[in-house]
Amino acid sequence: MKSKIKIVSGDITIRNVDAIVNAANTSLLGGGGVDGAIHRAAGPELLEECKTLNGCATGEAKITKGYNLKAKYVIHTPGPVWRGGENNEDMLLANSYRNSLNLAKENGVKSIAFPSISTGVYGFPMERASKIALNEILNFLETNNSIELVEIVCFGQNAFNIYTNLLNN
């Protein structure tokens with residue numbers, strides 16, 4: 001299953017996959033970081049479609065078209081804000097990955113790219129988040145063969161090194 005996972009560095013908005021995952025906020029109306037970059041790259045139609053979705057709870061996921069992106073779809077999932085680890089952050093982050101993958105499967109997605117959800121301004125510790133992410137992705141791939149490629153798109157060398165070391169060990 002590890003062979004279906006690819007760790008890459010760079011800009012998630014230019015990945016040539018069926019769906020990219022947006023580390024969104026609960027309003028789904030755009031923000032900073034990955035969320036802002038995806039909204040800018042997809043164009044104003046993405047915001048218009050997101051306005052019709054009535055937001056999204058932390059750990060849940062919703063899907064839209066990709067508009068000006070190479071990806072056909074954007075899967076929006078609000079990850080948890082880190083509050084010290086005693087407020088269900090691990091479970092909510094796991095749910096973000098699990099629900100995104102299930103939504104991808106339901107929509108016939110064969111390839112998907114994830115950012116490192118919640119590790120930017122939401123402050124989730126990178127090592128802890130990467131373990132949760134890889135665990136959820138591997139668990140999904142063990143029981144589902146619908147998705148052929150999962151990319152984890154890292155912003156920065158530190159994230160790339162952490163994900164690569166975890167996947168290879």
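Is R15 buried or exposed? I looked this up first, and R15 is buried, with a relative accessible area of 19%. Buried means under 20% relative accessible area, exposed means over 50%, and partly exposed is in between, with a 1.4 Å probe and protein chains only.

Notes on the source. The model is predicted, so I kept in mind that local features need pLDDT of at least 70, that side-chain atom pairs count only at pLDDT 80 or more, and that totals for chains, interfaces and linings use all residues. Residues are numbered from 1 along each chain as its sequence is written, and side-chain values use heavy atoms, with hydrogens and water left out.

Entry: surroundings of R15. I placed R15 in the loop between strand 1 (5-9) and strand 2 (19-24). Helices (H or I, at least four residues) and strands (E, at least two) are DSSP runs, numbered from the N terminus. I then listed the contacts of R15, leaving out residues up to four places away in sequence: K6, V8, K70, A71, A113, E151 and V153. Contact means heavy atoms within 4.5 Å.

Entry: overall fold. I found five helices and six strands in the protein. Read from the N terminus, the order of elements is β-β-α-α-β-β-α-β-α-β-α. The C-alpha trace spans about 40 × 35 × 30 Å along its principal axes. Of the 169 residues, 52% count as buried. Among contacts between residues at least 6 apart in sequence, 66% join residues at least 24 apart.

Entry: surface and charge. The protein exposes about 7,900 Å², and carbon and sulfur atoms supply 49% of this area. Accessible areas come from the Shrake-Rupley method with a 1.4 Å probe; for residues, only the protein chains shown count as cover. I compared the mean positions of the 16 positive and 16 negative charges and got 3 Å between them. Lys and Arg count as positive and Asp and Glu as negative, while His and the chain ends are not counted. The place of a charge is NZ of Lys, CZ of Arg, CG of Asp or CD of Glu.

Entry: aromatic pairs. The structure holds two. I noted Y97 and F114, a tilted pair with 5.0 Å centre to centre and 35° between the planes. This pair links distant parts of the chain, with Y97 in helix 3 (residues 89-106) and F114 in strand 5 (residues 111-114), 17 residues apart. Rings of Phe, Tyr and Trp (its six-membered ring) pair if their centres lie within 6.5 Å; planes under 30 degrees apart count as stacked, over 60 as edge-to-face and the rest as tilted. Both Y97 and F114 are buried.

Entry: backbone angles. Most residues other than glycine have a negative phi. N88 has a positive phi near 65° and is found in the loop between strand 4 (73-78) and helix 3. S118, also not a glycine, has a positive phi of about 75°. S118 lies in the loop between strand 5 and helix 4 (126-143), and is buried at a relative accessible area of 5%.
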